[in-house]
Amino acid sequence: MPSSITYTTTLDVRRRDTAEHLARLLASHRVALGTRTGRRALGPFRQAVLVLRWFLDGTRIRQLATDNHIGKSTAYTYLHEGIDVLAAQAPDLADALTAAHQAGLTHLNLDGTVIRTDRIHTPGPTGSDLWWSGKHKHHGGNIQVLSTTDGWPLWVSDVRPGREHDTTCARAAQGLLETLATAHTQGMPTLTDLGYEGLSPAIRHPVKKPQGRDLTDEHQAYNALIRGVHALAERANSLLKTTSAPRGAVLYPPRNGERLEEVSLDLMALPELERERGP
């Protein structure tokens, strides 16, 4: 009698809009590489399901390899290929600025959020774990989210260690500050919370309370206005974390000698998120 147990499960994702969409991207990628028919252990659709199981359910590589009758190294190769194909679809800052102009936005929102990760440990300069977020009390990667006035995500940055402050992560995001400055000159300032104090003249954030003194009535009114309008940025973070698009990541092992800090995390590449927005 076999010792293993077989069971049936369902992947909570739209077949046509997500799984088949990713399969088409993978098929096009194979054509671009010149991959001959029959040279892969899995077809594009089965590879897409493998990638989505990892993103959505956090299925371990060993299990993915076993279920698909492939080796662990092949499973890693297929997974990383899928991540790269998705990342290539994610909007860049130029796309975000164009979308903002087309929508006639009066301002942008910028906010950071920590995406929970698993099995990561990288000692920092002081020996502390770079990926441990003291604020959230779990391992995670910090991403910067640029969103519309109603809290719809336009762009997300590459991932940074969860221990890093939002200001540090924003400075490290290539082209972000330059894009915000351009948007400001075109009449679109960027609203943030107080954590971005002093980052850029293009940013509008609440006024910090002076030591030993109270804020003036004018400053209190200003802060209430900024915080009230900027609060919608939390919707963008919520959409990225709760939609059927990727909800988290296990950024291991490093590929080709990459440092974990340089691994890109793109959460806006699947059309699932667009569906959640509705008409």
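**Reading a pocket and its strand**

Student: How do the residues of the lining of the second largest pocket divide into nonpolar, polar and charged?

Tutor: They split into one nonpolar, ten polar and eight charged. Keep in mind that this is a predicted model.

Student: How is empty space found at all?

Tutor: The general idea is a rolling probe. A probe the size of a water molecule goes over the atoms and shows where empty space is left. Here, the second largest pocket has a volume of about 320 Å³. It is lined by 19 residues, and the closest to its centre are Gly112, Val114, Lys135, His136 and Asp166.

Student: Which elements each supply at least two residues of that lining?

Tutor: Strand 1 (108-116) and helix 9 (233-242) do. The largest share comes from strand 1, with four residues.

Student: Why is strand 1 said to be largely enclosed by the rest of the structure?

Tutor: Look at burial, where the cut-off is under 20% relative accessible area. In strand 1, eight of the nine residues are buried, so the rest of the structure largely encloses it.

Student: Which strand runs parallel to strand 1?

Tutor: Read the bridges between strands. Strand 6 (residues 190-191) runs parallel to strand 1, and two bridges join them. Leu108 stands opposite Thr190 of strand 6.

Student: Which strand pairs with strand 1 in the antiparallel sense, and over how many bridges?

Tutor: Strand 3 (residues 138-147), over eight bridges.

Definitions and conventions. Residues numbered from 1 in each chain as written. Predicted model: local features only at pLDDT ≥ 70, side-chain atom pairs only at ≥ 80, totals over all residues. Heavy atoms only, no water. 1 Å grid on protein atoms, 1.4 Å probe; cavity = no way out; pocket = protein on both sides within 12 Å on 5 of 7 lines; lining within 4 Å. Points joined across faces, edges and corners; volume = space filled by probe spheres on them. Nonpolar A, V, L, I, M, F, W, Y, C, P; charged D, E, K, R; others polar. Buried < 20%, exposed > 50% of the residue type's maximum accessible area, 1.4 Å probe, protein only. Pairing = 2+ DSSP bridges.
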